[in-house]
Amino acid sequence: MKHRHPHGAGELPAASRLRVVVVALLTGSGIVACAARKSGEPAPAHPGAEPPTAGAQYQAAPAPAAPQSTMDSMAGEPAPPAQPSTAPGHGPFAPPPPRSAALRQASSDIEISQRELDVAGGDCRNACRALGSMDRAAGRLCGLAQSSDEQRRCEDAKVRVYSARDKVRNTCGTCPDVSVERNAPVPSR
Amino acid sequence: MTRLRPVVRAIAAVAIALAATFAIGCRARENKSEQDSAQGIVDMELMAFLSEARALHHQANLKEESNDLPGATAAMQRLVSARRPHAGKTTPEVEEVLADAYARLAELQLRQGALEAAAEAVKNGLAHAPEPTYFRGHLIEIEGLVEEARAAGLADAGKPEEAALAREKAIQLLEQVVRIQDQVIQRSLAARDAGATEGAR
């Protein structure tokens, strides 16, 4: 006759149960400690986003036409006010998320939006300063042109400037230091 | 009781294994944090250099505002001679700062009639901007202006042939600027369009 355990097949004796509970508690505390450490670390802002380069904080000195504005351009543009984010999945009947989690989420959203704005603004800033350099170079070139061959080269350069102005205007709207109007003189300033 | 011991042991073993796994995971995380911290120190070095660059540009602005061109030139010379972060390693941000500083230095020297010094500054700057970027285009723009000034000086000195050569060189350099900056614009706008498409998804 088989000995039947008095506590049933799924139950354990008190000592064994105590051991299991102790081990489970140790494991649980390990998990909690690990999670607590994780929450103390700065979360990555955006897994797919490229971190902003330090160089983004340093903007190049402007062209000879506007040497005084170096530090102005280096200071960067003020960011537009960030919109509060609406976290998905938080319906009207859902319990509100913990305050610290909500703050972290909002902070992360702001960082992502700021980065996207920086990237978009940086492309137009780069296009505008390149257009300024192109505009001045074509202007100088035409100022030096004397022979018919040099006049032709001047016209070729102007055509490129007009085309570049169209592209920059269509994408960026305006540029602070150079005209994007197709028919403006070359150089425009 | 005896039959259940292996069950208890098994549960305990699993629990211990889990605890060990988490402990290892935590340690790995700590190691990563330490690595991140070391990276942060390196970034601080870069940030210090960028901050110094901003301060020196600001100083040059103030000197230029008071028509002290030698003072502004000295500020840029300090920047190009400043201790660079990541010794022995090329950092894009540092390269951009240096290319830009050499362009401003060359421009300041050109305004003071120091053509040779300006040409030397352009040459040094181009070493930091080998790719067709705005910075390279801007440096070549200054080089074109240096050649234009040289042509004018040679013409004034009664050397028409040499002046014509310098003028032709200036035209070629300025044509090069137009081409480079055209490429820069196309690339910048393409990148922006790609970003807009990505954002719309």
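Before the details, a word on conventions: residues are numbered from 1 along each chain as its sequence is written, and chains are lettered from A in the order in which they are written. Because the model is predicted, local features need pLDDT of at least 70 and side-chain atom pairs count only at pLDDT 80 or more, while totals for chains, interfaces and linings use all residues, and side-chain values use heavy atoms, with hydrogens and water left out.

Let me begin with the chains. Chain A has four helices and zero strands, and chain B has six helices and zero strands, where helices are DSSP runs of H or I with at least four residues, strands are runs of E with at least two, and numbering goes from the N terminus. Buried residues, meaning those under 20% relative accessible area, as against exposed at over 50% and partly exposed in between, with a 1.4 Å probe and protein chains only, make up 33% of the 189 residues in chain A and 41% of the 201 residues in chain B. By the Shrake-Rupley method with a 1.4 Å probe, chain A exposes about 11,800 Å², with carbon and sulfur atoms supplying 59% of it, and the surface of chain B comes to about 10,600 Å², of which 57% belongs to carbon and sulfur.

Next, the core. A nonpolar core here is a set of buried Ala, Val, Leu, Ile, Met, Phe, Trp, Tyr and Cys residues joined through side-chain atoms within 4.5 Å. The largest one has 69 residues, and the members touching the most others are Leu131(A), Val168(A), Phe49(B), Leu79(B) and Ile185(B). Helices α3 and α4 of chain A, together with α1 to α6 of chain B, each supply at least two residues of this core. Taking contact as heavy atoms within 4.5 Å, and leaving aside neighbours within four places in sequence, Ile185(B) meets residues of chain A that include Leu131(A), Met134(A) and Val168(A).

Which residues does Arg153(A) touch, not counting those up to four places away in sequence? They are Leu141(A), Glu168(B), Ile171(B), Gln172(B) and Glu175(B); Arg153(A) itself lies in helix α4 of chain A and counts as buried, at 10% relative accessibility.

Within chain B, helix α3 (residues 92-111) and helix α4 (residues 115-126) pack at an angle of about 170 degrees with their axes 8 Å apart, the axes being lines fitted to C-alpha atoms over the stretch in contact, and angles running from 0 to 180 degrees between N-to-C directions. The two helices are therefore roughly antiparallel, a label used for angles over 145 degrees. Among the residues that meet are Tyr102(B) and Leu105(B) from α3(B), and Ala118(B) and Val122(B) from α4(B).

Finally, some backbone points that deserve a look. Most residues other than glycine have a negative phi, and most peptide bonds are trans. Asn67(B), in the loop between α1 and α2 of chain B, has a positive phi of about 55 degrees and is exposed, with a relative accessible area of 69%. His86(B), in the loop between α2 and α3 of chain B, has a positive phi near 55 degrees, but His86(B) is buried, at 12%.

Methods
Parallel < 35°, antiparallel > 145°, perpendicular 65-115°, else oblique.
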